[in-house]
Amino acid sequence: MAAPIATRNLSLAVCAAVLVAVVVVSLAPVAAANEEGDALMALRRGLEDPDGVLASWDPNLVNPCTWFHVACNDDNRIDRIELANMRLSGPLPAELGKLEQLQYMEMSGNNLQGPIPPELGDLKNLISMDLYNNDISGHLPSTLGNLKSLRFLRIDHNRLTGPIPRELSGLPNLESVDFSSNDLCGTIPTSGPFENVPLSSFSNNPRLKQGPGAYDAHC
């Protein structure tokens, strides 16, 4: 009788393992949605929203894909933030770096303030970062050099200071940049994707200079 009992116990153990695996897989999208919802709520809590455009961002709704001004991919992961020209003011929270599938960050034409969080360098799928026409200040984080999918970087008309990080020269897909109308300094990078960037993309930065000479990040 020992052999049938052992076989039955083994079968029960296998069934239990399969059940646990199914539960873990089924809960994974919910956990991701909760984390992404938390990241967006961190953004909402820090912003002044005079027109109530973020009113649909309800933490009691498990799936943030139902909220206005965000879009999701087929896996119900947030891949777009659409908050351009919404009269929002306040900082960008570090938690935005948790939006692992984000491809488009459209937040231009507001009154966003404070620095660009280094954690945004974790957005490995980001294609476009539009933060122009805000009041963003501080240095550009070197972690933006981790955004290997980035094609468009438009951060003009802010109050950014410091040098343009040399790490950006290693972005293989970067097509269009605009750093104009800030207070950047040092020299304009000319290698990698910057070889064909027009000088107008760096204009109105009185302390930013064009070569010749080695890249200067000390300013």
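1. A residue is called buried under 20% relative accessible area, exposed over 50% and partly exposed in between, with a 1.4 Å probe and protein chains only. By that scale D135 is partly exposed, at 22% relative accessibility. The structure is a predicted model, in which local features need pLDDT of at least 70 and side-chain atom pairs count only at pLDDT 80 or more, whereas totals for chains, interfaces and linings use all residues. Residues are numbered from 1 along each chain as its sequence is written, and side-chain values use heavy atoms, with hydrogens and water left out.

2. On the overall layout, the protein chain contains 1 helix and 12 strands, where helices (H or I, at least four residues) and strands (E, at least two) are DSSP runs numbered from the N terminus. Of the 219 residues in the protein chain, 41% are buried. With contact taken as heavy atoms within 4.5 Å, residues 24 or more positions apart supply 48% of the contacts with a separation of 6 or more. The accessible surface of the protein chain is about 11,200 Å², and 54% of it belongs to carbon and sulfur atoms; these areas come from the Shrake-Rupley method with a 1.4 Å probe, and for residues only the protein chains shown count as cover.

3. On the salt bridges, the structure holds 9 of them, each defined as a side-chain nitrogen of Lys or Arg within 4 Å of a carboxyl oxygen of Asp or Glu. Side chains of opposite charge can pair when their charged atoms come close. One of the bridges joins the side chains of D51 and R87, at 2.8 Å from N to O. Because D51 lies in the loop between α1 (2-46) and β1 (70-72) and R87 in the loop between β2 (78-82) and β3 (89-91), this pair ties together parts that are 36 residues apart in sequence. D51 is partly exposed, with a relative accessible area of 45%, whereas R87 counts as exposed at 53%.

4. Two further bridges connect strands. D130 pairs with R154, the closest N and O atoms being 2.5 Å apart; since D130 lies in strand β6 and R154 in strand β8 (residues 152-154), the pair ties together parts that are 24 residues apart in sequence. R159 is partly exposed, with a relative accessibility of 46%. A network of salt bridges links E36, R77 and E100.

5. D79, in strand β2, deserves a separate entry. D79 is buried yet has no salt bridge, and R80, the nearest side chain of opposite charge, is 5.3 Å away; in this count Lys and Arg are positive and Asp and Glu negative, with His and the chain ends not counted. When neighbours within four places in sequence are left aside, the contacts of D79 are A71, C72, N73, Q101, L102, Q103 and Y104.

6. A patch of negative charge on the surface is formed by E35, D38, E95, E119 and D122. Patches are made of residues with over 30% relative accessible area and no salt bridge, like charges being joined within 9 Å and nonpolar side chains (Val, Leu, Ile, Met, Phe, Trp, Tyr) within 5 Å, and the place of a charge is taken as NZ of Lys, CZ of Arg, CG of Asp or CD of Glu. Of its members, D122 is found in the loop between β5 (111-114) and β6 (128-130) and is partly exposed, with a relative accessible area of 44%.

7. On backbone geometry, most residues other than glycine have a negative phi. H69, which is not a glycine, has a positive phi of about 70°; H69 lies in the loop between α1 and β1 and is partly exposed, at 23% relative accessible area. R87 likewise has a positive phi, near 60°.

8. Y132 lies in the loop between β6 and β7 and is partly exposed, with a relative accessible area of 27%. Not counting residues up to four places away in sequence, Y132 touches S108, G109, R154, I155, D156 and N158.
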